[in-house]
Structures are given as structure tokens and as C-alpha cells.
Amino acid sequence: MKEVMKIGGKLAAICAIAAIALGVVNAITEPIILAARAEKLRLALSELSAGLEIGEFIKTDNESSIIGYYPLSSGEKTEAYIINIIGDGYAGDLNLLTAISNGGEVLSVVLMEDTETPGLGKEAENASYMEKFIGTGNGSIIPSSKSHLNAKDADSITGASITFIGIGKALNEAAGFVSQLGGM
Amino acid sequence: MLKEFTKGLIKENPVFIIVLGLCPALGVSTKVINSLGMGAGVIFVLLGSNIFVSLLKNFIPEKVRIPAYIVIIASFVTIVEMVMEAFLPALYDSLGVFVPLIVVNCIILGRAEAFANKNTVKASILDALGMGLGFTLALVIIALVREVFGLGTITLFPMGSFNGVIEIPGLIDSPVRVFGLAAGALLVMGLLKALFTWIEDIRRVKQ
């Protein structure tokens, strides 16, 4: 019994020192990380809003993958919405922000957070990756399957189809959500 | 003493000769910059864990040595993760899930178990630096082949007006995409392992 206590005590001491060290590093890095995230969100919103006025963030209370939305207005009239939606990626959630017009057209998309594979799914973080979705919707199909793409775009997602399908499905859901909201 | 450092580079290269840490080696080696970032992270964690395991080798009870090593390694990895997210956010984003996975990189636990818990702090530091640099070297070589052929580029750190991307004429327009995929990673790894084994054989015959 004494032996077990001694071994357990030594292991607990190592854990306690590790926890203190981590606490100190966290106290130093946390404010920097939070400020960087806030700045990233501010930049993404200003890019997505394309000059329109960004309204207050409205959280959705249902349990869907849509976290919430920002109305985009010019003057009194709501022209579009920025939807914050979670898609299913290859290695976890894809946190997306997308601007969708009242008519259901995808105006722009930014991938905010993901844990996809570097060099494959992570390519979706590049602005050029999202070009295949922009301008779709509002009568045309928002691509969510390789068969919806031309040969060059289909080639570019080789090895990362699940990421592409995850984004496509999320955008379709976001467009459906905007059509429910209507031009409030 | 110097051989503790040099052995990790070629003779006992952790990736090509000991064949450890293959998951991250194949996972992040799509671009040279990712390999350099991963290598730097592994060197830091390996150095920290080797130093502490060596310092505490008489304090850590034999029966719970593996949990103790894992606590030490996981702490250093978490520190790397927090520091990288705060000060190198672009690299942190591009390495993704592979940063927390350094915890289960067998090179680090392997060196703690096979070297640091039997040797002095000084020898453990040299071993960590050699093995860490050997791992980085292996990753950069794999990434160089995969990125040049698979994407037609070489991505390094951006500096001033240089955006960090060197484009290879000819390959940039029609890259051999398989090199960027998992199959290409295994292919390149296999060929490089054969090359390293061949170099090692020649060296042994000469001796």
C-alpha cells in the first residue's frame, strides 16, 4: 500500500508540475489567440459583406448545423445574409461563413476553421477553391457532387472529395435556410 | 559524444532506417513548408521530453514510467500548439490535426524509452537534436519530391516581396497529381527508404 501511494504521489507530482506549466503558457498565449480569432472574423465579415451593412448576429435556436446569421442590408432593405454553418469534413467539422443573396445565390464563401489534411482538404482554405461555388444557386445547382463540376474543377478536388461534398451540402442547406428567411 | 548527434541523420535516421513516425511523415509532407514546421515542432518536443526524462530518470518509478513520459510529452506538445497558434497562426492552420498528434509520434516516446532514460542529459540533448533533425531532413526530402512533381511548386516561408512559392516551369501546368495523394506518399517513401538502405549498405561494406 505504501509503495502504491509513493508511486501514485510521484506521478501526481509530475502531473501537477505539467499542469502549472501549461497554465502559465495558456495565460500568456490565450489573449493573443483570442485577438487573432476576432481579427480573422472581422476580416472575413468585411470581405463577405462586399460593402453592405452588417447587422447584428442572430443565433438560431434549433439544433441544425446552422449556428446563426448576419443580415446584410443596404438602407432599409435586407439584400443578403451571411450564414455561419458547420459542414461535415473528412477529419471533423468545417466552420463556414457564406454570403447568400435573397434569391439563393452564393455570393462568397470563407472556410473559417477546419481540421482537414494539409495539401488535400486544407486547400479549401484558399479563396480560389471557393470559386466553383460562387455564382451558383438561384436557379442553378450549388455543386455538392463531382458530377456537378467541369473536368478541371473535378481534377482539383481529387483526394479531397469528402471536404468538397461537405462544403457543397452545407451551402445547399444555407441557401435553403435563406429561402425560408425570405427578404425580411 | 558527437556520434549521438550524427547517428540520427543517416545511420539511424528515424524515418528511413528505424521506420518510426510514418503517419505524420506521410501526412504533412505534401509541401516543404509543412515539413519544416512539423520538423521544428518535433525537434522542440523531442528536446524537451528527452531533457526531462533524462533528468527525472531516477525519480520516475519503473512501473509508471510510460504514463509519466506521456504526461511530459503531452505537456510539451500542448505548449507547442498554444505557442504556434498565438505566434505562427498560418503554420498552425496548415499543419492542422498533425500538431496534437505529435503526442503519439513514436519517435518521441521511442527516444525516451530507448535512450533518454538510460543516458545523461547532455547525451540526451544531442540524441534529440540528431533524431529531430534526421526526422526533419527525411520529411523535407519526401516533401520536396512530392511537391515538385505533385504540385509543380516548392513552398517556403514568405520573405519580403518573395511570396514563398517557387514555381517549376512545365510541372506547374501539368503536375503528376498522384504524388500529392497518399499513394504517392507511400511510393516516394518506399523509393527513398531503398536509397537510404543502399547508402547504408555501401558504407558498411567499405568499413
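Predicted model: local features only at pLDDT ≥ 70, side-chain atom pairs only at ≥ 80, totals over all residues.
Side-chain values use heavy atoms, without hydrogens and water, residues are numbered from 1 along each chain as its sequence is written, and chains are lettered from A in the order in which they are written.

In all, 26 residues line it, and Y90(A), T117(A), L120(A), G27(B) and F98(B) lie nearest its centre. A pocket here is an open set of points on a 1 Å grid over the protein atoms alone where a 1.4 Å probe fits, with protein on both sides within 12 Å along at least five of seven lines; lining residues have an atom within 4 Å of a point. α2(B) gives the most to the lining, with four residues. Helices are DSSP runs of H or I with at least four residues, and strands are E runs of at least two, numbered from the N terminus.

Now for the packing. The largest nonpolar core has 46 residues, and V15(B), F16(B), M38(B), V45(B) and F135(B) have the most contacts inside it. Such a core is a set of buried Ala, Val, Leu, Ile, Met, Phe, Trp, Tyr and Cys residues joined through side-chain atoms within 4.5 Å; buried means under 20% relative accessible area, exposed over 50%, and partly exposed in between, with a 1.4 Å probe and protein chains only. α4(B) gives the most to this core, with eight residues. Take V15(B): leaving aside neighbours within four places in sequence, its contacts (heavy atoms within 4.5 Å) include L20(B), F135(B) and M189(B).

V19(B) sits in the loop between α1 (2-6) and α2 of chain B, and is partly exposed, with a relative accessible area of 33%.

Chain A has three helices and six strands, in the order α-β-β-β-β-β-β-α-α along the sequence. Its radius of gyration is 22 Å, well over the 16 Å that the globule rule gives for 184 residues, so chain A is more spread out than a compact globule. That radius is taken over C-alpha atoms, and the rule is 2.2 Å times the number of residues to the power 0.38.
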